[in-house]
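Have the coordinates open in your viewer as you read.

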Amino acid sequence: YSTETKEAYKAVEKNASKQLLSMLPEDLLPSYEPLFKRKAEDKELTYGDAAKELTYAVTSGQIFGSDDLNIVLTREDATNNNAGTYEIVITAENSNYDISLTNGTYTIKKAIPTYTVPTGLVGYIGQKLSTVTLPEGWSWTDGDTVIESNVTSYKAKYTSSDKNYKDTTKDVEITLVSYPEKPTLSVEGEYVYTGEEQTVNV
């Protein structure tokens, strides 16, 4: 046989093997799966950290002598270093081995932002928290909460304008002030509307 014919037979054999495996019951698959398994190892880091080196694990099967499976690892959207989850793609090329490959996951977690907890806030007892203005980026976790006379600390959330940073919730102190009462006015004497400006004694 020529080299081309041998390669053609190998390709047909490999394709037939895959077709037969797809027809087997799940409980029989482990006995017929490829002996040479490689898996891209999952990686995890926090936004701003140095990139992690891509590696793979030998799940089963050792190659012979100086043979090489020519494994290549690439990260999906490799130039994008924003927080998110990306696939690690593993490929191999060696027609002498029936190889099973499993991709991995590359996760970039959101970082903790730098922030300053608001101070110097004043809240009126009996009014909603939403009446107390917070600095840019901050919001009350429940603006409908009514300010009580015995509670001086309420939870507020900081949201960075950069989506690579996680939201952070902190206790924020406010100075309590009694809400000013509306004055009650009484008019002295009797007045008749004349259409002209009049002086009223209260």
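## A buried arginine

Arg-75 is buried, with a relative accessible area of 12%. Here buried means under 20% relative accessible area, exposed means over 50%, and partly exposed is anything in between (1.4 Å probe, protein chains only). Before going further, a word on provenance: this is a predicted model, where local features need pLDDT of at least 70 and side-chain atom pairs count only at pLDDT 80 or more, while totals for chains, interfaces and linings use all residues. Residues are numbered from 1 along each chain as its sequence is written, and side-chain values use heavy atoms, with hydrogens and water left out.

Arg-75 is part of strand β4, residues 72–75. A salt bridge needs a side-chain nitrogen of Lys or Arg within 4 Å of a carboxyl oxygen of Asp or Glu.

## What Arg-75 does touch

Leaving out residues up to four places away in sequence, Arg-75 touches Leu-54, Asn-80, Asn-81, Tyr-86, Glu-87, Tyr-106 and Ile-108, a contact being heavy atoms within 4.5 Å. Take Tyr-106: 31 residues separate it from Arg-75 along the chain, yet their C-alpha atoms are 7.4 Å apart.

## Charged pairs elsewhere

Side chains of opposite charge can pair when their charged atoms come close. How many salt bridges does the structure hold? There are 4. One of them joins Lys-109 and Glu-44, at 3.5 Å from N to O. Lys-109 sits in strand β7 (residues 104–109) and Glu-44 in strand β2 (residues 43–46), so this pair ties together parts 65 residues apart in sequence. Both partners are partly exposed: Lys-109 has a relative accessible area of 37% and Glu-44 one of 46%.

Lys-128 and Asp-144 form another salt bridge, with their closest N and O atoms 3.7 Å apart. This pair links loops: Lys-128 is in the one between β8 (121–124) and β9 (138–140), and Asp-144 is in the one between β9 and β10 (153–158), 16 residues apart. Lys-128 is partly exposed at 40% relative accessibility, whereas Asp-144 is exposed at 53%.

Asp-171 and Lys-155 also meet in a salt bridge, at 2.9 Å from N to O. Asp-171 belongs to strand β11 (residues 168–177) and Lys-155 to strand β10, so the pair ties together parts 16 residues apart in sequence.

## The chain as a whole

Zooming out, the chain has 2 helices and 11 strands. Of its 202 residues, 20% count as buried. Among contacts with a separation of 6 or more, 45% come from residues 24 or more positions apart.

Note on methods
Helices (H or I, at least four residues) and strands (E, at least two) are DSSP runs, numbered from the N terminus.
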